[in-house]
Amino acid sequence: MALAVADAHVDVSGSLKGKPGPILLLGAPGAGKGTQAKDLAAKWEIPQISTGDLLRTNRDHGTPLGMKAKQIMDEGKLVPDDLVNEMVAERLKQPDTANGYILDGYPRTLGQAKWLDEHVGADAGVLPVIAVSIQVGYNELLRRITGRRNCPVCGTIYNIYLQPPKVDEKCDLDGTPLVRRSDDTEEVFRERMRTYDSQTAPVVEHYRAQGRFEAVDGSKPVNAVAAEVEAAVARLRGSGTEKTEKQNRV
Ligand SMILES: [Zn+2]
């Protein structure tokens, strides 16, 4: 398996030819999606597009879409699909998206995914959206999140399971007792996971049904996960001959 991934990795730069196209990156809270999105966007020199950023930018610049969204959010309501879609459409008109982009947090619903397919597919020769999910087991995610501690004095971050301090619950640098964020509890985590799973399932199914989805093992070190995501993108962008049922179901 490791060898196969390494081989696929070598092929990436050649087969993608600097044009990875639109990629939806998925990952549960704690799966490391944010880090991977940032690293891969920098490496491939394509923008990372998140609806959170789009909403903030539109609001801060006072665009008509931004003002409409602000009004809805001020009423404590969820911004509807078509408004989010319009913001994405505006963003995708910008020339920096020509070689591709990494979507983060969008599409979040089946309706958004279908809209995006139609929108992206409107121009001939445009690569379709593909989706890669960074998967980490429940217990590993739980340890990553509930193990987090930080030093209130110097800000150093620890994880009592994965990167423990030398002395239990004390900062290595200044001996200050470490603190845990109040929402880094199993209860909060479980609720976030439930929301994530129920929201993501239909979107994943949409891409999987069309052979545009792969899952990678996110429990490995950051560099190894990055290599797996690249290999998955290369396979999804390739002829499809290398793609096996097994890889689709990792
Ligand atoms: Zn400290």
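I looked up the partners of strand β1 (residues 21-27) and found five bridges joining β1 to β4, the two running parallel. Strands here are DSSP runs of E of at least two residues, helices are runs of H or I of at least four, and both are numbered from the N terminus. I took two strands as paired if DSSP finds at least two bridges between them.

The model is predicted: local features need pLDDT of at least 70, side-chain atom pairs count only at pLDDT 80 or more, and totals for chains, interfaces and linings use all residues. Residues are numbered from 1 along each chain as its sequence is written.

I then followed Ala131 of β4. Ala131 is the bridge partner of Leu24 and stands opposite Phe213 in β7. Five bridges join β4 to β7 (residues 213-217), again parallel.

I checked burial next (buried: 20 or more other C-beta atoms within 10 Å of the residue's own; exposed: 12 or fewer; partly exposed in between; C-beta atoms placed from the backbone). Five of the six residues of β4 (residues 130-135) are buried, so β4 is largely enclosed by the rest of the structure.

I listed contacts of Val132 (C-beta atoms, placed from the backbone, within 7 Å). Leaving out residues up to four places away in sequence, Val132 touches Ile23, Leu25, Leu26, Glu214, Val216, Val229, Ala232 and Val233.

Last, I looked at helix α9. In α9, 12 of the 16 residues are buried, among them Val229, Ala232 and Val233.

Methods: Contact = placed C-beta atoms within 7 Å.
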